[in-house]
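Hello,

Here is the structure I promised to pass on to you. Have a look at it first, and my notes follow below.

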Amino acid sequence: MEINAGDTAWVLMSAALVMLMTPGLAFFYGGMVRSKSVLNMMMMSFITIGIVSVLWVLYGYSVAFGDSGNGLWGGLSEAGLTDMATSMTTNGGAYPIPLLAFVLFQMMFAIITPALISGAIADRAKFTTWAVFVGLWATLVYFPVAHWVFDFGGQEAGTPDAGWLANLGVLDFAGGTAVHINAGAAGLALAIVLGRRIGWPKTLMKPHSLPFVLLGAALLWFGWFGFNAGSALGATPTAALAFATTMIATATAVLGWVVVERFRDGHPTSLGAASGAVAGLVAITPACAFVSPIGAMAIGFLSGVLCALAVGIKFRFKFDDSLDVVGIHLVGGIVGSLAIGLFATTSVNELGKDGLFYGGGIQPLLTQAVGVVAVLAYSLVVTLGIGYLLHKTIGFRVSGDVEVGGIDLAEHAETAYDLAAAAGPVGGSKIPTGAALAERKVNA
Amino acid sequence: MKLVTAVIKPFKLDDVRSALESFGVHGMTVSEASGYGRQKGHTEVYRGAEYTVDLVPKIRLEVLLEDEDVDDVVEVIVKTAQTGRIGDGKVWVVPVDTIVRVRTGERGGDAL
């Protein structure tokens, strides 16, 4: 089999783009917490890169993409990635690419998905327990669910080696179910297991650096082109379509979110613009290769508006999903996955379907709903199990004084900022204080 | 001797400082402070959740003076820091027993 250089280059490049999303997420989340817990928040993402990379090589890839033939998991035949270096794959793409390029591309998805969950338990999770959780969750939830959704058995859906949701015809191009609904449901489960932060929701826990949040959203947006367009697994028209819909939906989601804020709260906020971008990226993820640019516009705007409204749900039901993993990833993932049943059209991609608005009837919507419910329910139940198990044994939550005093110092023996030095002279540079004043006297 | 303490709006600091300078006051201590009086705080909105921030940022300015300068200095501060809107701050005066200049050990009025 001859290798396609363009496709290979695009998939390798896309893998690097998706890799960048996890540090981007660390900034997105890190900016939203208080200065006393920013390092812990960012470390939850970074440690996930370490842990999942190792597990992916040892057995994760095999569980997700091996050929067991039962549709539920891939088995252990590919464990350790033996004999990978010379193999080729297509996995739904048009031309063969080196298998390792595909393995690494999918590794980045396996990394960011558990990292997404960390936003639900900001400021209060024992770091070691989080690390153990990441290993267990990737093993028991992400690897199998990725098999259900992403494994097409090397060709197209319909072979016995494919995942059961893929075989059922559930469309999820880049991970609306396997990544976002999966992580969102897990976030809800962990927020329930760990309980509310001390003082929540009465105390203001304000984001310590909104510029970080915007920087993180920008890195996510950039990396997401690899996530979505890279999922075409080739430099193809499908990749270009996914690239275009990703851009369009994200732009309209920013508009949707800040329009809601303008009318509901009076002010369009920077946090809202950043959150709207991520909501749009999440929602277009499953649909990006199946809808037209106008369809993408509708999905983006819808997700911006709905997620802006959904982040209020936690206050009604009193669960401290600190950074809105549920409101953005679960809700956005559901919106995008179901929207395929409405907006999909074979005029842009003949491997897709026609949705309700394109004469495809109600069936595609129902099929999508099966995918949504299956992943949501599985993730929620298994994560509750893992969460309570860890909580009752090694403990998942830091003590009250660690939480109030700052988790960075207690868990990592570091603090992010030297605030006394950063405060600078009072009232601007006109009044020299402290060291500057002393120096001037000495010189005089 | 007296200690005059003024809590004023941060953007008025430069004006008050130059007014005091022209009056002949050559030293002061300035610190960032936060608090509230009748002004109360403001509201901030994060992802639709509204919070009231009670404490408002202020500048606290302290000047040591001879008794006879106090009334004039207080007037200068009040006149310069005034905007007429709520939140302009307070000025108060307390007696001081002793002042020592650390460098020389001078005491009382000589230390000013």
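To start with, in which helix is the place of Ser14(A)? Ser14(A) sits in helix α1 of chain A, residues 5-32 (helices are DSSP runs of H or I with at least four residues, strands are runs of E with at least two, and both are numbered from the N terminus).

A word on conventions: this is a predicted model, in which local features need pLDDT of at least 70 and side-chain atom pairs count only at pLDDT 80 or more, while totals for chains, interfaces and linings use all residues. Residues are numbered from 1 along each chain as its sequence is written, and chains are lettered from A and ligands numbered from 1 in the order in which they are written.

Back to Ser14(A). This residue is buried because 26 other C-beta atoms lie within 10 Å (buried means 20 or more, exposed 12 or fewer, partly exposed in between, with C-beta atoms placed from the backbone). Beyond its neighbours within four places in sequence, Ser14(A) is in contact with Phe105(A), Gly226(A), Ala229(A) and Gly230(A); contact means that the C-beta atoms, placed from the backbone, lie within 7 Å.

Next, the cores. A nonpolar core is a set of buried Ala, Val, Leu, Ile, Met, Phe, Trp, Tyr and Cys residues joined through C-beta atoms within 7 Å. The largest one has 151 residues, and Val18(A), Leu220(A), Ala287(A) and Ile299(A) have the most contacts inside it. Helix α3 of chain A (residues 99-117) gives the most to this core, with 15 residues. Another core, of 14 residues, lies apart from it and includes Leu13(B) and Val30(B).

Chain B has two helices and six strands, in the order β-α-β-β-β-β-α-β along the sequence. Its C-alpha trace spans about 60 × 25 × 20 Å along the principal axes. The radius of gyration of chain B is 17 Å, whereas a compact globule of 112 residues would have one near 13 Å (taken over C-alpha atoms; the globule rule is 2.2 Å times the number of residues to the power 0.38). Buried residues make up 18% of chain B.

Finally, the interface: 15 residues of chain B are in contact with 19 residues of chain A. On the chain B side, α1 (13-23), β2 (29-35), β3 (42-46) and β4 (49-53) each give two or more residues.

Happy reading, and do write back with any questions!

Conventions:
Contact = placed C-beta atoms within 7 Å.
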